[in-house]
Amino acid sequence: MKITTMRTVAVSAALLLSLGMLSACSNAAQNPGSNSTDNSANAQNAKIGLLLPDNVTERYASADKPYFEEKVKDLCGGCEVLYANADGDAAKQQQQAESMMTQGVNVLVLDPFDGKAAAAIVNQAKSKNIPVLSYDRLIDSADVSYYVSFDNQKVGELQATALVDRMKELGLPGDAGIIMVNGSPTDPNAAQFKKGAHSVIDKSGLKILAEYDTPGWEPPKAQDWVSGQVTKFGNQIKGVYDANDDTAGGAIAALKAGGIKPLPPVTGQDAALSGIQRIISGDQYMTVYKAFKPEAYQAAELAVALAKGESPKAPQTADTASGVAIPSFLLTPVAVTVANIKDTVIKDGLYTVDQICTTAYAAACKTAGLE
């Protein structure tokens with residue numbers, strides 16, 4: 001009787017243990033995140049934060065954001081992109097990043113308004129094991145996972161070379177005067193553009209009359225500064241190095257208002273639609289085309305890979321302001337003048353002829369062979 005009772009208890013215990021194990025397996029299957037290390041499965045529902053720096057730069061809303069979202073959706077149908085724009089405010093970008101981390105983002109793709117201030121965002125993300133991909137502008141932090149951008153010093157070299165060559169073509173004196181409208185002092189890329197430009201201009205013989213770093217890349221501030229230089233130097237201004245198309249628009253408005261004729265050659269960057277139209281009309285000489293689609297696509301691919309726990313090998317490195325090498329994917333910029341608009345921005349599908357050649361630019365487009 002005693003042996004039978006002991007056998008009964010043992011059988012009952014075994015049954016209970018089996019039921020417990022089955023229950024545990026069932027719970028694990030229903031909640032893979034609680035016990036699973038399958039990052040691939042979890043990544044299908046990942047949240048990816050996209051933080052862009054300002055609204056004054058035309059490209060962010062028209063190209064970077066939609067291309068990034070398009071590629072993420074293509075790669076990961078269940079992934080969600082959380083988007084915010086800092087509107088030129090580093091403190092606001094910090095708050096936006098903190099909000100995204102609170103919402104449980106798996107990856108942050110951050111284009112910093114202020115490259116140094118954004119290091120605080122990277123530090124917070126690191127404490128939560130959230131990788132940060134530095135997009136277009138390099139954050140001054142050793143803890144950035146990847147950097148996706150262009151060779152920014154090359155951008156400045158392309159701009160300055162085009163300006164110097166154009167001034168020679170126009171038969172201007174070798175020591176003709178130019179003004180330099182640089183980018184924002186808080187943008188780490190702006191320092192690289194300026195460095196590249198100076199590497200060409202400083203040995204050209206051209207005389208730099210004045211130079212300005214444009215706060216926040218704001219066109220009105222560039223316009224106000226150029227207006228002051230027109231008052232001071234007048235027709236001594238034979239060329240304008242301008243770091244991007246939006247501030248170039250402000251500079252050209254100031255030159256026109258100041259009665260500078262003919263307009264000197266003006267550089268730009270970003271191949272903004274307004275910049276391309278000014279090139280067509282002859283108001284702006286050139287821009288630098290940075291193919292936003294491949295840049296945004298590359299960032300999206302890396303963001304999804306990071307969400308899966310993967311670490312793709314980068315082909316290059318780029319140094320932060322503090323000298324730390326960050327694994328990087330750097331694309332090649334291209335100089336654009338009226339001569340190659342068709343073979344660059346139109347060929348790549350950035351704009352159609354109809355988008356460029358509105359009624360106001362129809363005659364200029366015809367002269368340029370864009371019909």
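What follows is a chat about a predicted model of one protein chain.

Student: What does the secondary structure of the chain come to?

Tutor: The model is predicted, and its chain has 15 helices and 12 strands.

Student: How many strands form the open sheet, and in what order?

Tutor: There are 7 strands in the open sheet, ordered E2-E1-E3-E4-E5-E11-E10, and the pairing is mixed.

Student: Which strands stand at the edges?

Tutor: Strand E2, residues 80–85, and strand E10, residues 316–319. Each has a single partner strand, so one side of each lacks a neighbour in the sheet.

Student: What does the twist average?

Tutor: From one strand to the next, the twist averages 30°.

Student: Back to E2. How many bridges join it to E1?

Tutor: E1, residues 47–52, is joined to E2 by 6 bridges, and the two run parallel. As for what holds such pairs, strands of a sheet pair through backbone hydrogen bonds, either parallel or antiparallel.

Student: Which residue in E2 is the bridge partner of Ile48, and which of Leu51?

Tutor: Ile48 has Val81 as its bridge partner, and Leu51 has Ala84.

Student: Why is E1 described as largely enclosed?

Tutor: Because 5 of its 6 residues are buried, E1 is largely enclosed by the rest of the structure.

Student: Which helix lies across E1, E2 and E3?

Tutor: Helix H5, residues 90–102, does, and it runs at about 175° to E1. The E3 strand there covers 107–110.

Student: And which strands does H12 lie across?

Tutor: Helix H12, residues 292–307, lies across E1, E3, E4 (132–135), E5 (146–150) and E11 (325–331). Its angle to E5 is about 175°.

Student: Whole chain now. How many residues, and what share count as buried?

Tutor: The chain has 371 residues, and 49% of them count as buried. The accessible surface comes to about 17,000 Å², with 52% belonging to carbon and sulfur atoms.

Student: What share of the contacts is between residues 24 or more positions apart?

Tutor: Among contacts in the chain with a separation of 6 or more, those residues account for 72%.

Student: Switching to pockets. What volume has the largest pocket?

Tutor: The largest pocket has a volume of about 510 Å³, and 30 residues line it. Nearest its centre are Pro188, Asn189, Ala191, Gln192 and Asp319.

Student: Which helix gives the most to that lining?

Tutor: H8 does, with 7 residues. E5, H7 (152–169), H8 (188–201) and E10 each supply at least two residues of the lining.

Student: How many cavities of 30 Å³ or more are there?

Tutor: A search of the whole structure finds 2. The largest cavity holds about 100 Å³ of space. It is lined by 13 residues, and those closest to its centre are Tyr60, Arg137, Asp187, Trp217 and Asp270.

Student: Which helices each supply at least two residues of the lining of the largest cavity?

Tutor: H4, residues 58–75, and H8. H8 also contributes to the lining of the largest pocket.

Student: Where is Pro262 found?

Tutor: In the loop between helix H10, residues 245–257, and helix H11, residues 273–281.

Student: What phi does Ala271 have?

Tutor: Ala271 is not a glycine, but its phi is positive, about 50°. Ala271 is placed in the loop between H10 and H11.

Student: Is Ala271 buried or exposed?

Tutor: Buried, with a relative accessible area of 0%.

Student: What about Asn129, where is its place?

Tutor: Asn129 sits in the loop between helix H6, residues 119–127, and E4. Its phi is also positive, about 60°, and Asn129 is not a glycine. Asn129 is exposed, with a relative accessible area of 71%.

Student: Last one. How many residues apart in sequence are Leu170 and Pro265?

Tutor: They are 95 residues apart in sequence and 9.6 Å apart in space, C-alpha to C-alpha. Leu170 is in the loop between H7 and strand E6, residues 177–182. Leu170 is partly exposed, at a relative accessible area of 44%.

Notes. Residues numbered from 1 in each chain as written. Predicted model: local features only at pLDDT ≥ 70, side-chain atom pairs only at ≥ 80, totals over all residues. Heavy atoms only, no water. Pairing = 2+ DSSP bridges. Helix = DSSP H or I, 4+ residues; strand = E, 2+ residues; numbered from the N terminus. Axes fitted to C-alpha atoms, helices over the stretch in contact; angles between N-to-C directions. Contact = heavy atoms within 4.5 Å. Buried < 20%, exposed > 50% of the residue type's maximum accessible area, 1.4 Å probe, protein only. Areas by Shrake-Rupley, 256 points an atom, 1.4 Å probe, with all protein chains shown as cover. 1 Å grid on protein atoms, 1.4 Å probe; cavity = no way out; pocket = protein on both sides within 12 Å on 5 of 7 lines; lining within 4 Å. Points joined across faces, edges and corners; volume = space filled by probe spheres on them.
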